[in-house]
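Below are some notes for a colleague who has not seen this structure before. They are set out as numbered points.

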Amino acid sequence: MNPRARPDRSLPFPPPEACALDADPRFLALLERLPDPTLLLDGETVRYANPAARSQAGLPADDPHPELQLDALFDGASAQRVRQALDNGSKGDGWTALDRLRLRRLDETWISRDGELVAIPGASGPALMTLRAAVAEQSAPVVAAARRALAESSLRAVEAQERERARLSRELHDQIGQSLSAAALRLSLLLQRHAIPDDDPQAMALSSILDDVLQQTRSLSLQLRPPQLDDFGLASALRSLLQRLFADTGIHYDIEIEGSRDMPANRVSVAAYRIIQECLTNVLRHARAAALRVELRADSIGLVLTVVDDGAGFDAERVDSERLGLRGMRERAEALGGQLVVHSRAGIGTRVRAFLPWSPLHAASQTERA
Ligand SMILES: Nc1ncnc2c1ncn2[C@@H]1O[C@H](COP(=O)(O)OP(=O)(O)OP(=O)(O)O)[C@@H](O)[C@H]1O
Ligand SMILES: [Mg+2]
């Protein structure tokens with residue numbers, strides 16, 4: 001049922017000529033218990049405000065009779081609409097919806113409320129007014145909860161992906177890698193047993209194929225989950241990643257680490273590793289840089305990582321939506337309650353900076369750290 005649907009207003013009894021409802025303790029005891037913020041108006045004057053209304057308007061909690069004028073409680077336009085509704089109320093069926101009234105709290109802050117005014121038809125007597133959070137504000141907690149649920153589910157997806165990568169990496173290393181090594185060993189034994197010379201073209205081709213596949217398997221296993229990350233922590237895994245990617249490329253690289261030398265593998269360090277890995281791959285593929293620098297700073301709130309290059313730069317506002325690298329980095333940071341910012345200028349270079357809080361609780365206290 002629509003909560004704002006117009007109720008049936010036919011009265012089962014004649015309207016009272018005059019009544020002092022604000023002086024009737026039984027009536028006030030009922031209003032006092034209403035969960036909705038409710039005001040009892042007598043013309044322009046607010047004679048009574050129930051506890052929910054006092055809390056909403058920031059009125060003293062222990063004074064149910066504020067004796068406020070409409071102009072003191074609402075802004076000019078809203079007070080005028082209430083006056084109009086009071087006027088119409090006594091003529092029509094007594095019920096008026098008032099969307100988005102601007103309510104002035106006692107501490108001079110403003111809030112927006114949807115009101116409903118009920119007057120007694122045909123009588124110029126008192127009126128009741130309820131004030132509810134405006135529809136947009138009612139939905140704000142729902143939107144916030146949906147955002148939280150989305151971030152949690154994306155975090156779970158990223159963690160499941162990491163577990164799967166680690167499993168595949170182990171399988172590749174322990175199963176396929178070991179079998180290939182055994183095959184290479186057996187090949188050399190076979191060559192010895194049959195006195196086949198080392199430079200036999202078939203033997204050389206077979207041995208070279210086995211070597212290649214073994215190399216590719218190792219490199220794939222490393223990419224999927226570098227063992228250093230689990231065994232020695234983030235700093236060591238990053239150093240070996242830089243070495244693997246940039247040795248012999250002519251690109252000058254350095255890394256500065258503050259406060260995170262022994263960081264073990266956890267959801268933050270794994271995310272940091274993946275983000276930096278994607279940045280470095282981008283530098284190799286797109287930047288044509290002469291130099292790059294990686295910085296890691298850890299403190300009690302979280303980890304700030306930066307990757308800077310002096311390459312070609314690009315327009316970060318106009319990245320093809322098919323591209324997944326930058327989007328994936330941002331999603332990883334946001335899934336942890338952090339953020340990622342890309343600054344890039346053509347001909348100057350690119351800087352990617354991410355802030356990853358240790359816990360989502362710290363995310364709320366962060367102030368634009370990325
Ligand atoms: N360091 C950089 N220097 C110059 N251009 C960059 C840099 N990083 C990203 N770019 C540009 O931004 C684009 C988007 O990067 P993104 O990592 O999202 O996708 P990609 O690397 O092209 O593909 P993938 O989805 O495989 O990562 C790149 O295609 C490139 O044009
Ligand atoms: Mg990329």
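1. Methionine 204 is part of helix α6, which covers residues 201-224. The model is a predicted one. With a relative accessibility of 45%, methionine 204 counts as partly exposed, because that class lies between under 20% for buried and over 50% for exposed. Leaving aside residues up to four places away in sequence, methionine 204 touches Asp198 and Asp199.

2. On the chain as a whole: the protein chain holds 11 helices and 11 strands. It has 370 residues, and buried residues make up 36% of them. Of the contacts between residues at least 6 apart in sequence, 59% join residues at least 24 apart. The protein chain exposes about 21300 Å², with carbon and sulfur atoms supplying 55% of that area.

3. Glutamate 278 has 22% relative accessibility and counts as partly exposed, whereas asparagine 282, at 17%, counts as buried. The cut-off between these classes is 20%.

4. Helix α9 itself has 21 residues and spans 29 Å from its first C-alpha to its last, close to the 30 Å expected at 1.5 Å a residue. Because 15 of its 21 residues are buried, α9 is largely enclosed by the rest of the structure. Arginine 288 follows α9 and has a positive phi, near 50°.

5. An open sheet is built from 5 strands in the order β7-β8-β9-β11-β10, with mixed pairing. The edge positions are taken by β7 (252-258) and β10 (339-345); each has a single partner strand, so one side of each is left without a neighbour in the sheet. On average, neighbouring strands of this sheet are turned by 10° against each other, direction ignored.

6. Helix α8 (residues 234-246) packs on the sheet and touches β7, β8 and β9. The direction of α8 makes about 175° with that of β7. Helix α10 (residues 325-335) lies across β10 and β11 (349-357), and runs at about 145° to β10.

7. In what sense do β7 and β8 pair, parallel or antiparallel? Their pairing is parallel, over 7 bridges. Glutamate 256 stands opposite glutamate 295 in β8.

8. Strand β8 (residues 291-298) pairs with strand β9 (residues 302-309) in the antiparallel sense, over 7 bridges. The two form a hairpin with 3 residues between them. Within this pairing, glutamate 295 has threonine 306 of β9 as its bridge partner, and arginine 297 stands opposite valine 304 in β9.

Terms used: Residues numbered from 1 in each chain as written. Chains lettered and ligands numbered in written order. Predicted model: local features only at pLDDT ≥ 70, side-chain atom pairs only at ≥ 80, totals over all residues. Heavy atoms only, no water. Buried < 20%, exposed > 50% of the residue type's maximum accessible area, 1.4 Å probe, protein only. Pairing = 2+ DSSP bridges. Helix = DSSP H or I, 4+ residues; strand = E, 2+ residues; numbered from the N terminus. Axes fitted to C-alpha atoms, helices over the stretch in contact; angles between N-to-C directions. Contact = heavy atoms within 4.5 Å. Expected span 1.5 Å × (residues − 1). Areas by Shrake-Rupley, 256 points an atom, 1.4 Å probe, with all protein chains shown as cover.
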